Amino acid sequence: MINTVDSFQGQEKDIIIISCVRSNEQANIGFLLDERRINVALTRAKHLMLVVGNGYTLGSNEIWDSFLTFCEKQKSYYKIDKQ
């Protein structure tokens, strides 16, 4: 099932893949700034959550930066460098 963050309000799934498609030099994350949406996005997976996004862009936000730092400490944050 593919859905938006808003449609998962009040639901849980075994595996959630979150695609954060914002990527820009201004580090503008748009609607990903909304703390309620971040909460819904990051708390709906029962067993596995995979977040795909631009670490530079996401890391410009305090909440997302904390999440990335947590993932790094858990050794579950993988970076792909530009080539």
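Me: Where does Asn61 lie?
Reply: Asn61 sits in the loop that runs between α2 (55-59) and α3. Keep in mind that this is a predicted model.

Me: Is Asn61 buried or exposed?
Reply: Asn61 is buried, because its relative accessible area is 13%, and the cut-off for buried is under 20%.

Me: Which residues is Asn61 in contact with, leaving aside neighbours within four places in sequence?
Reply: Asn61 touches Ile29, Leu33 and Ile38.

Me: Let's go to α1. Which residues in α1 are buried?
Reply: Ile38, Val40 and Ala41 are buried in α1. Seen down the helix axis, the buried residues of α1 fall within an arc of 165°, so they line one face of the helix.

Me: And what's on the other side of α1?
Reply: Glu35 and Arg36 are there, and they are exposed.

Me: What covers the buried residues of α1?
Reply: The cover includes β1 (13-20), β2 (45-53) and α3.

Me: OK, α3 then. At what angle do the axes of α1 and α3 cross?
Reply: The axes of α1 (residues 35-42) and α3 (residues 62-73) cross at roughly 25°, and they come within 11 Å. Angles under 35 degrees count as roughly parallel, so α1 is roughly parallel to α3.

Me: Which residues make the contact?
Reply: From α1 the contact uses Glu35, Ile38 and Leu42, while α3 brings in Ile63, Trp64 and Phe67.

Me: How many of those are nonpolar, polar or charged?
Reply: By class, the contact of α1 with α3 has 5 nonpolar residues, 1 charged and no polar ones.

Me: Switching to cysteines. How many disulfides does the count come to?
Reply: The count comes to 0 disulfides. Cys20 is in no disulfide, and the nearest cysteine sulfur, that of Cys71, is 11 Å away.

Me: Is Cys20 buried or exposed? And Cys71, buried or exposed?
Reply: Cys20 is buried, with a relative accessible area of 5%. Cys71 is buried too, at 10% relative accessible area.

Notes. Residues numbered from 1 in each chain as written. Predicted model: local features only at pLDDT ≥ 70, side-chain atom pairs only at ≥ 80, totals over all residues. Heavy atoms only, no water. Axes fitted to C-alpha atoms, helices over the stretch in contact; angles between N-to-C directions. Helix = DSSP H or I, 4+ residues; strand = E, 2+ residues; numbered from the N terminus. Parallel < 35°, antiparallel > 145°, perpendicular 65-115°, else oblique. Contact = heavy atoms within 4.5 Å. Nonpolar A, V, L, I, M, F, W, Y, C, P; charged D, E, K, R; others polar. Disulfide = S-S within 2.5 Å. Buried < 20%, exposed > 50% of the residue type's maximum accessible area, 1.4 Å probe, protein only. Arc of directions from axis to C-beta.
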